[in-house]
Amino acid sequence: DRMTQRGAPPEFVEIARELVQSKTLTGPQADQAIILLTAARSLDPAATDLDPLMLRAAVRNEQRDYSDRIELCLQSYVDPSADRVVVMDAIRCLLSRLNSIDQRKEMLETLVKQIGNRNAAIDSELAMLLGQIMLEKGDKEAAKFYTLQAYTNNKYNRAAFARLVDLSPNE
């Protein structure tokens, strides 16, 4: 059988890629891309190029909640070479599905445990989001802690530097 001998059929991945790259991707088309990528993954569990496509498809379907799939893809995708934009779009999508600040904080803490210490730029972004939540909750010290962590993880994070200056103007 051609499909199981050579891994995922390249057609599955190529069709999914074309769908995901479309500027006019609809919810049903995103679903179709996810179905194709899921089939490709089941035929070739070692395929490494599927996660970013799956993440990009999942975040573009606002009608369906793919939070569980997004979390799984993040766990297998995030490494030092992961595309920060793709990862942060996925994280923002996860957070947008949550109703409370405490749920968002809990989700970010879970993500830190699941994907932390794999990519310094992404660690920095996660710390910035946690700092923002702590600021919204009125905990300036915790906000300063997470913002310092964000800057420490990525000295090029200008937003972290600017927030540190705001939070600690006399230090």
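Is Val85 buried, partly exposed or exposed, and what is its relative accessible area? Val85 is partly exposed, with a relative accessible area of 46%; buried means under 20% relative accessible area, exposed means over 50%, and partly exposed lies in between (1.4 Å probe, protein chains only). The structure is a predicted model, in which local features need pLDDT of at least 70 and side-chain atom pairs count only at pLDDT 80 or more, while totals for chains, interfaces and linings use all residues. Residues are numbered from 1 along each chain as its sequence is written, and side-chain values use heavy atoms, with hydrogens and water left out.

Val85 belongs to helix H6, which covers residues 84-96. Helices (H or I, at least four residues) and strands (E, at least two) are DSSP runs, numbered from the N terminus. In sequence, Val85 and Ile122 are 37 residues apart, and their C-alpha atoms are 9.2 Å apart in space.

The aromatic side chains were considered next. Rings of Phe, Tyr and Trp (its six-membered ring) pair if their centres lie within 6.5 Å; planes under 30 degrees apart count as stacked, over 60 as edge-to-face and the rest as tilted. Across the whole structure, 2 aromatic pairs are found. Phe145 and Tyr146 form an edge-to-face pair, with 5.2 Å from centre to centre and 70° between the planes. Tyr146 has a relative accessible area of 15% and is therefore buried. Tyr151 and Phe161 form a tilted pair, with 5.6 Å from centre to centre and 50° between the planes. This pair links distant parts of the chain: Tyr151 is in helix H9 (residues 140-153) and Phe161 is in helix H10 (residues 158-167), 10 residues apart. Phe161 is partly exposed, because its relative accessible area is 47%.

Helix H9 also holds Thr147. The relative accessibility of Thr147 is 0%, so this residue counts as buried. Leaving aside residues up to four places away in sequence, Thr147 touches Met128, Gly131, Ala160, Arg163, Leu164 and Leu167, where contact means heavy atoms within 4.5 Å.

The search of the whole structure for disulfides (pairs of cysteine sulfur atoms within 2.5 Å) finds 0. Cys73 is in no disulfide, and the nearest cysteine sulfur, that of Cys93, is 12 Å away. Seen from Cys93, the closest cysteine sulfur is that of Cys73, and the 12 Å between them is too far for a bond. Cys73 is buried, with a relative accessible area of 6%. Cys93 also counts as buried, at 11% relative accessibility.
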